[in-house]
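Open the model in your viewer and keep the selection panel at hand. This tour goes stop by stop.

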Amino acid sequence: MRRHRRSVCATGVAALAAAAAAAGVVVAAVSDAVAATADASSAGPCGDAPVAPRHRVAVLGAGVAGATVARGLAAAGVKDVVILEGGAAVGGRLRQVPLGNVSVEIGANWMQGYKDENSFSDYVSSVGLQGVPTEYDSVTLFRADGSPIPDEEADPLWVAFDIALGATYNLSAALPPNRTMDVAAALLAAGGWEATSPAAIAIERFGLDFEYAVPASQISVRDLSPIYAPGTVESDEFFVTDTRGFAVVVQSLLADAGISDSSIPSARLRLNTTVMDLHYTSSGVCITTAGGEKMVADYAVSTFSVGVLQAAMMVGPTRPAEALSITPPLPMDKQLAIAQMKLADYVKVWAMWDEPVLTSDDGEFLVPTSCTEDRWVAVHNLNAVEGTPLSGLNVMLLTATSSYGRAIGCQPLSVTAEQIGEVLSNLKGYDVPPPRHVVVGRWREEPRFRGSYSVVPPGWRDEERVAFNEPAGRLYFAGEAHAEGGVNGYVQGAWNSGLKTVTEMLAAMEAEKEGK
């Protein structure tokens, strides 16, 4: 609720300023003076404080973007690169967790299509990452009473939705630079599609919520993924099943940079090192860790999620205790862009039973429909997927998004297990027991991420994108949220952003060498 009364403004600003000072946060005023990049002091970015030896580059975060930056810099001859990672292992949101006696990916799990336009796909292939194609044609819609919707009823809806999506993508390319709209409105305007029936709503959710983790009305049409482009050369979506984990790609990127992914303390890879404060200037960046250590880097690259950047802007009682501080305050147009970007809740729920509850005859995807609520987007039946370490082990992957996804993140696993039993009982028409093992992705609750991945809001314009990606002094920004061309939120978006950041940093280093 917005409050406009003068008395609230007069007392509220003072209260916020006091709270901000107590938290070590500087509140930015809307002025060029405050927003301008700070000049270097004679004492350097860390002032008079004693610091460790200065590094050429500090990369903050050891996910795909951070590892890509380190690899690119190493290839260009920049060797003095240190990576600070808050977790106990590299990978970021590429992570395996145990489910019974097997391991599953609790973060990213797919390499999306359009291989011919995706250089990251070539790199993944060179690593030998194991996976299988996803059969999106093997989808069955179920009515609220559990009966399957016959193909002759469902197929015309699927076709109409696909046509509308193609028209919507074409509309996004034709819009003037400063004109945007949400995907739901574009589907109606360009494709004549509006999801009104339970089956149509389920199809739209499977086609869009399953990708973006938010409804079509919350997606910017200008940032639709190229996978929706009509005439795009189709390639299989790659479902990662490698027992080494998807994060082996990050380990490989770091190895290319000459950085070992090891639990042994390394001078170039610092695990379990949480960054608490960044002070950027035109001559470098001072970095302070949770342990009180300070270091200086000529250049630094933040690969923090947009949720971490948003928490850094918070003041008062809502500010998390572990929130990052950035000084001086980022330019106001950059703060506004960060505040506008959304962080989705894509909640993966892995379940395992001792006995089969679904077989290969049930198909790969089961999509429930409902007249009253939007719960599970899809049930992924791994018993119907051949040639994986999970085949035949009675493992299901259920996906929830938005408010229901957040609810699952807050509730006990026993409640989630009961809800899984309920939805499968409804789909099968007989009582299905709750799974023996359940694991839930809780990225919203993790301070290092604060959500699953970014979603560009409908009001996003080119100006916001430029401000969002603009460096602050010598502090650069990379990660999936900073990707362009409709691939934010994807693993390959983190790769693309990392490559772009390397190009920009090398240009800045060259200009520095030439004295420009």
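What follows is a walk through a predicted model, from its disulfide to a strand and then to a helix.

**Stop 1: the disulfide**

Select Cys46 and Cys286 and show their side chains. These two cysteines form a disulfide, with the sulfur atoms 1.8 Å apart. How many disulfides does the structure hold? It holds one. Look along the S-S bond: the angle about it is 95°, and the link is right-handed. Now zoom out and trace the chain between the two ends. Cys46 sits in the loop between helix 2 (32-35) and strand 1 (55-60), while Cys286 belongs to strand 11 (residues 285-289). The two are 240 residues apart, so the pair links distant parts of the chain.

Turn on a surface next. Is Cys46 buried or exposed? Cys46 is buried, because its relative accessible area of 12% falls under the 20% cut-off. Cys286 is buried too, at 3% relative accessibility.

For contrast, select Cys371 and Cys410. Cys371 is exposed, with a relative accessible area of 66%. Cys410 also counts as exposed, at 64%.

**Stop 2: strand 11**

Return to Cys286 and select the whole of strand 11. Five of its five residues are buried, so the strand is largely enclosed by the rest of the structure. In a regular strand, side chains alternate between the two faces of the sheet. Check each face here. Val285, Ile287 and Thr289 lie on one side, Cys286 and Thr288 on the other, and all are buried.

Strand 10 (residues 275-280) runs antiparallel to strand 11, and five bridges join them. Find Val275: its bridge partner in strand 11 is Thr289.

Then select strand 12 (residues 294-302). Strand 12 is also antiparallel to strand 11, with four bridges between them. Ile287 stands opposite Met295 of strand 12. Four residues separate the strands in this second hairpin, and among them look for Gly292, which takes a positive phi near 90°.

**Stop 3: helix 7**

Move to helix 7 and select residues 198-212. Which residue marks a bend in helix 7? The helix bends by about 40° at Arg205. Step past its end to Ala213, where phi is positive, near 70°.

**Stop 4**

Nonpolar side chains tend to be buried together in soluble globular proteins. Keep helix 7 in view and select Leu141, Leu187, Leu208 and Trp350. These have the most contacts inside the largest nonpolar core, a set of 57 residues. Which helix gives the most to this core? Helix 7 does, with eight residues.

Centre on Leu187 and show what surrounds it. Leaving aside residues up to four places away in sequence, Leu187 touches Phe161, Ala164, Leu165, Thr168, Gly192, Trp193, Glu204, Leu208 and Ala216.

Last, select Val127, Ile259, Leu271 and Trp495. They are among the 43 residues of a second, separate core.

Key
Residues are numbered from 1 along each chain as its sequence is written. This is a predicted model: local features need pLDDT of at least 70, side-chain atom pairs count only at pLDDT 80 or more; totals for chains, interfaces and linings use all residues. Side-chain values use heavy atoms; hydrogens and water are left out. A disulfide is a pair of cysteine sulfur atoms within 2.5 Å. Buried means under 20% relative accessible area, exposed over 50%, partly exposed in between (1.4 Å probe, protein chains only). A nonpolar core is a set of buried Ala, Val, Leu, Ile, Met, Phe, Trp, Tyr and Cys residues joined through side-chain atoms within 4.5 Å. Contact means heavy atoms within 4.5 Å. Two strands pair if DSSP finds at least two bridges between them. The bend at a residue is the angle between axes fitted to the seven residues ending there and the seven starting there.
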